[in-house]
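Q: Please take a close look at a single part of this structure, the packing of one pair of elements. Then set that part in its wider context, giving the cut-off behind each term.

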Amino acid sequence: MPIEKWTAPPGAWFLLSEVSAFLSKAVDWEFLHHHWQLLDKYKSVGQLQSPLPGEYAGKDKIDLESSSVDWARDRVFLLQAISNVSMELPPEPAADLAQNLLQRLEGFNMHTTEVNAHVKALRTLCRRKASGQEEADNLVMRWVNQLQSKASKVLDTCMSEISDADRISALLTPQSTVRRKEPRMSDTVSKLLANTIIAVYTIGSLVIICPSANLETIVPAIHAIITSGNSDPKSRKQTGPVVRVKQIAPSLYLQAWLAMGKICLADGKLAKRYLPLFVQELEKSESAALRNNIVVMMADFCVRYTAMVDCYMSKITKCLRDPCEVVRKQTFILLSRLLQRDYVKWRGVLFLRFLLCLVDDSENIRQLADFLFGNILKAKAPLLAYNSFVESVFVLNDCNAHTGRSNTNNSRNENRLFSIRGNDEKSRSQRMHIYATLLKQMAPEHLLATFAKVCAEILAAASDGLLILEDTTSQSVLQDAFLVLSSKEIRIQTNHGPSSEAVDIEEEGGDSAKNGRAITQAVRKGLIQNAIPIFIELKRLLESKNSPLIGSLMDCLRVLLKDYKSEIEDMLVADRQLQKELIYDIQKYESMKAKNTAANMYRSETYLSPYAAAKSKKLPENVKVASAVADAVAAATARSVLREVNNGASTPLSAMNVPKLKSRTVGQNRESNLRGDRPVGVIESLRRRQSFDTDDEN
């Protein structure tokens, strides 16, 4: 079988590259050399594709074949295997291989995935075959400077060609009358641009393995490329013509940013100078690939220059709300790693912005966020959810009442980007999912403290007038507070059984029974001292303003006190009037809700079959709901009978045999009706009728 039709089984070269790192003597050099020559000779056609978009590329452009990536990957793994066994190579084959790798790098015509492998293999050959460390460093520095010199020449030539084409286009196309067209590149310039992209990528790879290389001629050229799409004149400190590389060759523009990031990793002074440019491009770039690369660079900068990047962390976290799923996922993973390694601290807005990943549109990101908050964060920072819970309620609703100050336009836009505003069902359910996730991380004592903090910092603030009840965001905060206080996640299981059961539990459980009794007493004390007085004050305030939040308040209060119905009198022993009002309001609300439930059930029964209706009558187990159902059925039956009487239909009463009263003659009746007066006997009997008092008056 010819070599151009044969490929190794998937994963074969990768397995060999891993095994050769531990068993260098087990791999035969002749085998590796033979297959390297074959893979190097029979390269896939069309390995490099023109980076220019449609109309700018030449007519003879050849598309990349599907197998080119497979060939490049095989060569990369084979090079790794050769590097691992380089100590076992004979001197002459090793020198020939190094010369071959250097020539391939100088051509700037290979796939980008192969560049790093070639550079690392060449460095390994030089270091392992040199007699000492100093000689190895000199060998590496020699061919690094040689490659950088040739790459700089290719870059200058390409920029000159693009500048000339751009100048000619500006002269031939008046900008005032006709929209300026992009210059059409020739085939020669197109191939030169493809080589330039590989040359810029090679520069970045060389800087990583040799940070001390001289970059005086390369940095100005790359600066001109990355600032070509920037309208800010302050960022263009380098001299030279302005070339619109961002519009003409976006691939070169992207690779220039990547190379500049690698250069900044090697030079702290350049990093301090160009870091604001990276952040600016991260915010304004329309390319998802470039934003993704810059996020990776900023993560590397955070490891190398932690204090320098800390002030830009709020800008980086904005990528958690990026429209591209890949950028959001990359940002989440990188920041999570930095947080676990303590390069970034859980302070400020970082934790609050991570919360929105729990309700991200992507299922993969939601799963990662659930694992981070439910496992890693719970063990690493157990108090973080408790300390930030109340603030998260305000931030997610975009309410600034807790800060006491107004925000600028930029900060207001950022706050809206990381908030879930609105009272619709979707927004409310997303916020409740976040609250439930935070509450599940808390210990019982933290749940009690969170309950008290919500009452004191949200409900009490509303009753004191610190929250504007007419504001939509304040109403959302209050409604979320009611839902949180009545949620099952914040409730602590308590025992309300008889005293005999409590004694049995105490005898069997020991310490657990004591802890349970202490928790029960703490919950009861919190309700008596904190919750109930605040609820009553807030209820009166909402009633005075006719606020629609009264229903949410009553729902919350009913859930909180449903386990203490027999103890309400003891809880409010000091204020009997307050006790009566509270019990009356709860009973009235429950009866109203039972009537609504009964009406809905009756309406649904009218559309059911007789068998289904008979079954549905067994559903209401609550006494109030059952009585309300009976009242609703009786009222509906009475309305139907009256409707039939008005329509003249026969009723069961009309069919009964009842005695009829004797009337006056027909003539007399007609006469009296015409005169419009009543019979004298009837009027006199009405006057003599005794009056009876009702039960209510007694």
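A: Q479, F482 and L485 of helix α22 are in contact with S552, L553, C556 and L560 of helix α25, where contact means heavy atoms within 4.5 Å. By class, these contact residues comprise 5 nonpolar, 2 polar and no charged. In that classification Ala, Val, Leu, Ile, Met, Phe, Trp, Tyr, Cys and Pro count as nonpolar, Asp, Glu, Lys and Arg count as charged, and the others, Gly among them, count as polar. The model is predicted, so local features need pLDDT of at least 70 and side-chain atom pairs count only at pLDDT 80 or more, whereas totals for chains, interfaces and linings use all residues. Residues are numbered from 1 along each chain as its sequence is written, and side-chain values use heavy atoms, with hydrogens and water left out.

Helix α22 covers residues 472–485 and helix α25 covers residues 550–561. Helices here are DSSP runs of H or I with at least four residues, strands are runs of E with at least two, and both are numbered from the N terminus. Two packed helices are described by the angle between their axes and the distance between the axes. For α22 and α25 the angle is about 15° and the axes lie 9 Å apart. The axes are lines fitted to C-alpha atoms, for helices over the stretch in contact, and the angles run from 0 to 180 degrees between N-to-C directions. The two helices α22 and α25 are therefore roughly parallel to each other. Angles under 35 degrees receive that description, those over 145 count as roughly antiparallel, those from 65 to 115 as roughly perpendicular, and the rest as oblique. The crossing of α22 past α25 is left-handed, which denotes that the near helix is turned anticlockwise from the far one by less than a right angle; clockwise would be right-handed.

Helix α8 (residues 218–226) has 7 of its 9 residues buried, so the rest of the structure largely encloses it. Buried means under 20% relative accessible area, exposed means over 50%, and partly exposed is in between, with a 1.4 Å probe and protein chains only. The buried residues of α8 are I218, V219, A221, I222, H223, I225 and I226. Its axis comes within 9 Å of that of helix α10 (residues 250–266), at a crossing of roughly 130°. That angle makes α8 oblique to α10. Helix α8 passes α10 in a left-handed crossing. On the α8 side V219, I222, H223, I225 and I226 take part, and they meet L252, Y253, A256, W257, A259, M260 and I263 of α10. The α8–α10 contact is made up of 11 nonpolar residues, 1 polar residue and no charged ones.

Q148, in helix α6 (residues 133–172), is buried at 4% relative accessible area. Leaving aside residues up to four places away in sequence, Q148 touches L206, V207, A213, N214, L215 and I218.

Two further buried residues sit in helices. I534 belongs to helix α24 (residues 511–544) and has a relative accessible area of 17%. With residues up to four places away in sequence not counted, I534 touches C455, L459 and A460. Its C-alpha is 9.6 Å from that of A462, although I534 and A462 are 72 residues apart in sequence. S336, placed in helix α15, is buried with a relative accessible area of 7%, and under that exclusion of residues up to four places away S336 touches F354 and L372.

Backbone geometry in two loops deserves mention. Most residues other than glycine have a negative phi. D342 is not a glycine, yet its phi is positive at about 65°; D342 lies in the loop between α15 (325–340) and α16 (350–354) and is partly exposed at 42% relative accessibility. D398 likewise has a positive phi, near 55°. D398 is found in the loop between α18 (384–396) and α19 (409–417), and is buried at 11% relative accessible area.

Over the whole protein there are 31 helices and 0 strands. Of its 698 residues, 42% are buried. Among contacts with a separation of 6 or more, 72% join residues 24 or more positions apart.
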